[in-house]
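Here's a quick briefing to read with the model open beside you. Have a look at the fold first, then come back for the details.

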Amino acid sequence: GAQGFLVPAPSTVVRRPMLATMAKRAKSATKTFDYLILGGGNAAGYACKEFAANSATHGKVGVISAEKVLPYERPALTKAYLHPPSAKLRARLPGFHTCVGGGGERQTQEFYDKHGLEVIHGVATKINFATKAVTVGEEQIAYGKLMLAVGCRPMPMSQFGVKGDTLPNVFYLRHEHEAADLVEALEKLEGTGEVVIVGGGYIGLECAAALRGWGLTVTMIFPESHCLPRLFNAELAKWMEDEYAARGIKLLKGDSVAEFVGGHGGISSVRLKSGATLPCQVAVVGVGATPNVEICEGLKMDKGGIAVDVNMQTSDPNVFAVGDICTFPSQYGGTMRQEHVAHARQSAAQAAKAMMGLAPEPYNYLPYFYSRIFEYTDSPIVFNFFGEQIGECKVCRRSTKSIAGMWVRDGKVVGALLMGSPGPSPDDAAKLKALVTSGAPAAEPSAVFDQAGL
């Protein structure tokens, strides 16, 4: 009986056949797709829509996704997903699978089955561009053409030397399971407690707005002099900050977190660089994102992303890159990288068409930013922006509850923003876009917006 536990001494004779068997197993597990999408987020859903519409189906398309759920509309995670229990609308899967955000079909498992689109749930560890294969676990998944749609990851506070950012109830929001964990932590607070939001950008503003609805004390902390500096000038930011203050949200500007302090099984407070300490039971961090380009080593890079042409094609003719990670030709000259859902959707469709040889029109992206916040109340705030933030920004009030801004270069309007409560309607957004694309001559802002019917 004891002999069953005897192991031969290591030798080349014993090990060679074992390795050969393992190699065979890996080879037999190989799948091959004409079109392989790496990344199962927003862009993947819209790419699948395009492939299905053009009959690239039944075994031709594969998606490798590190998430356990099918592609969904990621912006919902910091908006309706976080709405309080009293809200009429609370986003939950399968309700916000792609492509509902773009007015398309809700692509549940039935859609993928019907069109024969295979979703492989696993983490890719390597791409071999020479052999045209992606390693996922023990498998080698081969491709004819590859679409890189791997997105970004949140920038951790530890990157800035801040301790304690892995404590329980310190949240970074990128994936659905992270938003689900945050909701669970909020439910345990039962409507009382303190929340700290770190960061004054989109994630910070949207999370602060949603979490205030749970009846919690909400404080935002950011080092800049005003919120959303990548889009707002001081005057536009003041309008938004006044709205937040009126709704009971405290803003600490020009300060930052030095340490997340633990206690009682999770976070208990944050210590600020100014020396102040804020008690909190939950913290949400949104201080920027990093493109997941490490796995793409070997491709030409530009501005921190993968360089692509007007068809999203990289320096490797069989590889395309879309969404957050690609740096593409700008209609304003030069190149640009955009972390936005509109670009994720449009670039994915563009790449899918190009991969299928459909010769699409050159990609001509008009930068677009928006937010919808406090939608669980009877006075939501909405803003829409189109165009480019260059030149001089001129601001004007449109009513007691709305404000507008326009960016002027060479005597023409190159960018325009409208913000208010209840905020611009879809019709207003269409007019705002037309104002920018028409290259309207610059005048006093109120006259320009009057002329545009806004």
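What follows is a short tour, from the whole chain down to single residues.

This is a predicted model, so bear in mind that local features need pLDDT of at least 70 and side-chain atom pairs count only at pLDDT 80 or more, while totals for chains, interfaces and linings use all residues. Residues are numbered from 1 along each chain as its sequence is written, and side-chain values use heavy atoms, with hydrogens and water left out.

**The chain as a whole**

- You're looking at nine helices and 26 strands; these are DSSP runs numbered from the N terminus, with helices being H or I over at least four residues and strands being E over at least two.
- Along the principal axes, the C-alpha atoms fill a box of roughly 85 × 60 × 40 Å.
- Buried residues make up 51% of the 454 in the chain (buried means under 20% relative accessible area, exposed over 50%, and partly exposed in between, with a 1.4 Å probe and protein chains only).
- If you take contacts between residues at least 6 apart in sequence, 63% of them join residues at least 24 apart (contact means heavy atoms within 4.5 Å).
- The accessible surface comes to about 20500 Å², and 53% of that belongs to carbon and sulfur atoms (Shrake-Rupley method, 1.4 Å probe; for residues, only the protein chains shown count as cover).
- As for charge, there are 45 positives and 43 negatives, and their mean positions sit 4 Å apart. Lys and Arg count as positive and Asp and Glu as negative, leaving out His and the chain ends; each charge is placed at NZ of Lys, CZ of Arg, CG of Asp or CD of Glu.

**Strands and how they pair**

- Pairing here means that DSSP finds at least two bridges between two strands.
- Strand β10 (residues 217-222) is largely enclosed by the rest of the structure, because five of its six residues are buried.
- β10 runs parallel to β9 (residues 194-198), with five bridges between them; V195 faces V218 in β10.
- β25 (residues 402-409) is mostly covered too, with seven of its eight residues buried.
- On one side, β25 runs antiparallel to β24 (residues 392-399) over seven bridges, and C396 has A404 of β25 as its bridge partner. β24 and β25 form a hairpin with two residues between them.
- β25 also pairs with β26, again in the antiparallel sense, over eight bridges, and W407 stands opposite G415 in β26. That hairpin has two residues between its strands, and D410 takes a positive phi near 50° there.

- The T98 to C99 peptide bond is cis, with omega near 10°. C99 belongs to the loop between β2 (61-65) and α3 (109-115).
- Another cis bond runs from S421 to P422, with omega near 15°; P422 is in the loop between β26 (412-420) and α8 (426-437).
- S55 isn't a glycine, yet its phi is positive, near 60°. S55 sits in the loop between α2 (42-53) and β2 and is exposed, at 52% relative accessible area.
- M312 also has a positive phi, near 70°. M312 lies in the loop between β18 (305-307) and β19 (319-321), and M312 is buried, at 0%.

**A buried loop residue: I325**

- I325 lies in the loop between β19 and β20 (326-329) and counts as buried at 0% relative accessibility.
- Setting aside neighbours within four places in sequence, I325 contacts several residues, including L148, V150, P291, I306 and R337.
- I325 and V100 are 225 residues apart in sequence and 23 Å apart in space, C-alpha to C-alpha.
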